[in-house]
Every structure is written in C-alpha cells, then in structure tokens.
Amino acid sequence: EGMPFEFVALEGLLVTLVDSLIREVERCQRVKARLLAAVRRRISAGLLTKMLRLKRRIEEVFEAVRGAEGALEEAQKDDEVMALMYLSAIQEDPAGYARQLRARRCNVMQAEVMLDAYALEFGSLGRSLALARQDIEATEDLLRFRLDRARNSLIRIDVLFGMATAFLALLTLIGGYFGMNLPHGSYADGSALPGDPFVPPTGGGG
C-alpha cells in the first residue's frame, strides 16, 4: 500500500526543513573551525566579535532545531493528533473514522515511524550544534585564562617598576643629603665633606 498523499506532503516539508537546517549546521561548523583556529593563533577585537556573532547564530539554529524536534514529540504523545493526520482515510469514510477515533482503534504506526525518523534527525543536528557551542565556550575559557595570565604579568611588572622607582628615589634622597653643603652628624669634625671646613653661608643684606 502506498503512502497517503498527506504523508507525502508532510514528508516533503520535513525533508525541506531538515535540509535547510543541515546546511545551517554545516555552515556554522565551517565558520567555527576557521574562527577558532584563527583565535588560537592571535586575538583581535574583530575575531572576538565574529565569534560572538557565530555563537548567537548557533543559538538561533539550535532553538529552531529544538522547536522542530519538540513539535514532533508533542504530536507523538497525543494519539488523537496522530490519528487526525490520516486525512485521506477521514475523507473516504468520515463517520467510520470518527467511530474508530472515539474507540481509539486507529492504526497510526505509519505516522509514528515517519515522525520518529525525523525526530532522530533533528536530535542529531541538535547534538552537533551543542558540541559546536561547547567548542566555542572552551575557547572562550582559554582566552580568559590567557588574558588573566597577561594581566597578572602586567601587575607584577608594575609592582617591580614601583619598587625600582622607590629604590631610585631613596638613592636620590641619600645623594642629595650627603651633597648638601650643610653640617650634619655624619662626620665627627662637623665638616660637610671629609677634610673641608664648613663655611656658613653669608647673607646678601647690607
């Protein structure tokens, strides 16, 4: 027995949707591989912006995949919805099909098999997108680690520079102290420099 027309039409729609999503997933995977390879070699604002856009696009496609998978799962949970998919049988004998529907004796195996196949297809696409998202998040963690390490290096350099500056300032202070032509307690004879008598400064007044 051939497939009813309504199932042929439904499968055509599902095939079109799956093909479209497969192309989107493959495109995201290609862009992901290229971007992650570039980011691991060098970091730039442009690459980080592209990676953020890719992550958002992956989320959008993932939501579309999950939505399609969820719609099929919801239909499969409701026997009446599955039975009402057989439009040709309903058109041939509306009253008889209504009795079968009320008695829950409708055979929906063909619809279940078809929806199961496409639900598996959507599930596979969703897993591929989840793995792509995990790769991006792992790369983001690596970049954060590199940035933290670079920031810590800068902090250490800044601390060392501050210590060197303080040391030079201390040397300058000591040099200035001993270079002043004033008596101090550093020499027992009260001279400013060893062997030189201290000459007090004279005022310039009359």
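Please keep in mind along the way that the model is predicted.

Let us begin with the whole chain. The chain contains six helices and zero strands, and reading along the sequence gives the pattern α-α-α-α-α-α. The chain has 206 residues, and 26% of them count as buried. Contacts say something about how the chain comes together: among those between residues at least 6 apart in sequence, 70% join residues at least 24 apart.

Phenylalanine 7 belongs to helix α1 (residues 5–41), while tyrosine 86 is in the loop between α3 and α4 (87–92), so the pair ties together parts that are 79 residues apart in sequence. Phenylalanine 7 and tyrosine 86 are both buried.

Now move to helix α2 (residues 45–77), where you will find leucine 54. Is leucine 54 buried or exposed? Its relative accessibility is 6%, and a residue under 20% counts as buried, so leucine 54 is buried. Setting aside residues up to four places away in sequence, leucine 54 touches Cys28, Val31, Lys32, Leu35 and Ile136. Of these neighbours, Cys28, Val31, Lys32 and Leu35 fall within the residue range 5–41 of helix α1. The C-alpha atom of leucine 54 is also separated by 9.3 Å from that of arginine 133, although the two residues are 79 apart along the chain.

Arginine 133 deserves a look of its own. Which ring does the charged end of arginine 133 sit over? The ring is that of phenylalanine 62, and the charged end lies 4.9 Å from the centre of that ring.

Helix α2 also holds alanine 75. With a relative accessibility of 17%, alanine 75 falls under the 20% limit and therefore counts as buried. Leaving out residues up to four places away in sequence, alanine 75 touches Val81, Met82 and Leu115. Methionine 85 is 10 residues from alanine 75 along the chain, and the C-alpha atoms of the two are separated by 9.8 Å.

From here we can turn to the second largest pocket, which holds about 160 Å³ of space. Which elements give two or more residues to the lining of this pocket? They are α3 (79–83) and α5 (94–102). The lining is made up of Asp79, Glu80, Ala83, Gln100, Leu101, Arg102, Arg104, Arg105, Cys106 and Val108. Sorted by class, the lining has four nonpolar, one polar and five charged residues.

One of the lining residues, Arg104, makes a fitting last stop. Arginine 104 lies in the loop between α5 and α6 (109–179). Its phi angle is near 55°, a positive value in a residue other than glycine. Is arginine 104 buried or exposed? The relative accessible area of arginine 104 is 66%, and over 50% counts as exposed, so arginine 104 is exposed.

Key
Residues numbered from 1 in each chain as written. Predicted model: local features only at pLDDT ≥ 70, side-chain atom pairs only at ≥ 80, totals over all residues. Heavy atoms only, no water. 1 Å grid on protein atoms, 1.4 Å probe; cavity = no way out; pocket = protein on both sides within 12 Å on 5 of 7 lines; lining within 4 Å. Points joined across faces, edges and corners; volume = space filled by probe spheres on them. Helix = DSSP H or I, 4+ residues; strand = E, 2+ residues; numbered from the N terminus. Nonpolar A, V, L, I, M, F, W, Y, C, P; charged D, E, K, R; others polar. Buried < 20%, exposed > 50% of the residue type's maximum accessible area, 1.4 Å probe, protein only. Lys NZ or Arg CZ within 6 Å of the ring centre and 35° of its normal. Contact = heavy atoms within 4.5 Å.
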